[in-house]
Amino acid sequence: CNRPPYIMQSSGGIMSPSRAIERPANTLFSGPSGGVIGGLHVAQLAGIKDIITLDMGGTSTDVCLIPNGIVSMVYEKEIAGSPVRTPMVDVNSVGAGGGSIAWIDSGGRLKVGPKSAGAKPGPASYGLGGEQPTLTDANLILGRLNTQGLLKGRMPLQEHLAMKAIDENIAKPLGLNTLQAAQGILDIINANTVLATRVVSVQRGYDPRDFTLVAFGGAGPLHATAVAKQLNMSTVIIPPNPGILCALGLLNTDMRADYAKTYLTSLEEADLNKINSIIDDLFSQAIDWLESEDVQENDRSIQILADLRYAGQNYELTIPASDQKWEPADINKLTNAFHQAHEREYGYQSTVEKVQLVNIRVLALAIMPRIKPSPIEKATSKPTPVGFRKVWWEHVPAKTPIFQREDLLQGHEINGPAVVEQMDSTTPIGPNEHAMVDTYGSLIISLH
């Protein structure tokens, strides 16, 4: 069919190529934001609203907290030392991925990342000339990855090269055996990922135990349950195609345009005429954009928001406003909403400090069609493993059944230990863990 192309934005919305040319900075965090929207889509299909997304690829891990189905946003980030002020999905990134290199610092401590072996030469086990031990090499040695290779065998892995790299660079210098060194690499990556997750949850007043972890990216499912356990989370969701979930996010979001104007004033003393004049101006810009994109009336959504802070603070919270034309009652509503949001985010609210208005924002959405998923085939018998191999589960080896993801049908259940393999990722299911395939093919893993 003849469909126009769209480009993902850092905000989680899409835009036309012509607008991307006008505002290229809006695409700087577009990759991670696509994954977040894809994770939200998968969770909604499973009927879950409170999630934390975990996107681990080859070089980095991105985590994002989504309370009650609402994606958290920020309006300024630093990129390569330069501040960028544009709406962005609130993703916390750390240098942890399949290519992360394990090394020993000057104090004799084991570290993993942030440097990565990349795709070429890649991990030592790729056999492309890489000699540094990586997270992929550690997962291979512990049996979590298939010795026949990744991508359904199209990316062969050489176990002896992984063992050599870990032995020479990690195990021998630290006086460990190969398996201990490999487990140490996994433990450090998992700990770093847990810390990144705490930044977007515990440090902002949210309890991870109230959330479900949605793990994707090529390496996300490999570490999902270990990370979730350390956070005392009870459920993990692995999407049907975790390696390409960012693409699914692009196909399940709306066109978006953001407009803002600064008006620095005490909220209770604000000039309502000036505020409403600013809103009218921003509203007109939003309407002009919707008209230029030929968006029909029924497919339009326009929201008004305000950036608020206590006087003297240098950071703001963005609070939704209810009406296009503000009245004194709206000022009171905004003030109360800000107090509540500040207490949830930072643990306190002040009845002494005045609330300042910093920016007025208008968010315009062009509602786009969504992909309509089809339920997968229902199972009529138990799932059958395609083989077995020795996998190490926290220093204890076990003969572990291996399942192919495409063989799993709706209603299939797997009790750990087990490993589920597919073209774009691998999912270990540990001892005392239970996995179930839901209506649309996601793996729902229960940890308690």
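This is a predicted model: local features need pLDDT of at least 70, side-chain atom pairs count only at pLDDT 80 or more; totals for chains, interfaces and linings use all residues.
**Entry 1: Phe 211 and its partner**

Which ring does Phe 211 pair with? I find Tyr 206 as its partner in an edge-to-face aromatic pair, with 5.9 Å centre to centre and 85° between the planes. Tyr 206 has 17% relative accessibility, and because buried means under 20%, I count Tyr 206 as buried.

**Entry 2: another aromatic pair**

I noted that the structure holds three aromatic pairs, one of which joins Tyr 206 and Phe 211. Tyr 310 belongs to strand β15 (residues 300–310), whereas Phe 338 belongs to helix α9 (residues 328–346), so the pair ties together parts that are 28 residues apart in sequence. I checked burial here too, and both Tyr 310 and Phe 338 are buried.

**Entry 3: charges over rings**

Next I looked for charged side chains over aromatic rings. I found Lys 77 over the face of Phe 29, at 4.3 Å from the ring centre. I also found the charged end of Arg 361 over the ring of Tyr 75, 3.8 Å from its centre.

**Entry 4: the sheet of four strands**

I traced an open sheet of four strands in the order β18-β19-β21-β22, and its pairing is mixed. Which strands stand at the edges? They are β18 (387–393) and β22 (425–429), and each has a single partner strand, so one side of each is left without a neighbour in the sheet. Direction ignored, neighbouring strands of this sheet are turned by 30° against each other on average. I followed β18 to its partner β19 (residues 396–404), with which it pairs in the antiparallel sense over seven bridges, and there I saw Trp 393 opposite Val 396 of β19.

**Entry 5: the sheet of eight strands**

I also traced an open sheet of eight strands, with mixed pairing and the order β9-β4-β3-β12-β13-β24-β23-β20. At its edges I found β9 (92–94) and β20 (413–415), each of which pairs on one side only. The twist from one strand to the next averages 20°. Within this sheet I looked up β13 (residues 235–238) and β24 (residues 443–446), which run antiparallel and are joined by four bridges; Ile 237 has Ile 444 in β24 as its bridge partner.

Notes. Residues are numbered from 1 along each chain as its sequence is written. Side-chain values use heavy atoms; hydrogens and water are left out. Two strands pair if DSSP finds at least two bridges between them. Helices (H or I, at least four residues) and strands (E, at least two) are DSSP runs, numbered from the N terminus. Axes are lines fitted to C-alpha atoms, for helices over the stretch in contact, and angles run from 0 to 180 degrees between N-to-C directions. Rings of Phe, Tyr and Trp (its six-membered ring) pair if their centres lie within 6.5 Å; planes under 30 degrees apart count as stacked, over 60 as edge-to-face and the rest as tilted. Buried means under 20% relative accessible area, exposed over 50%, partly exposed in between (1.4 Å probe, protein chains only). A charge sits over a ring if NZ of Lys or CZ of Arg is within 6 Å of the ring centre and within 35 degrees of the ring normal.
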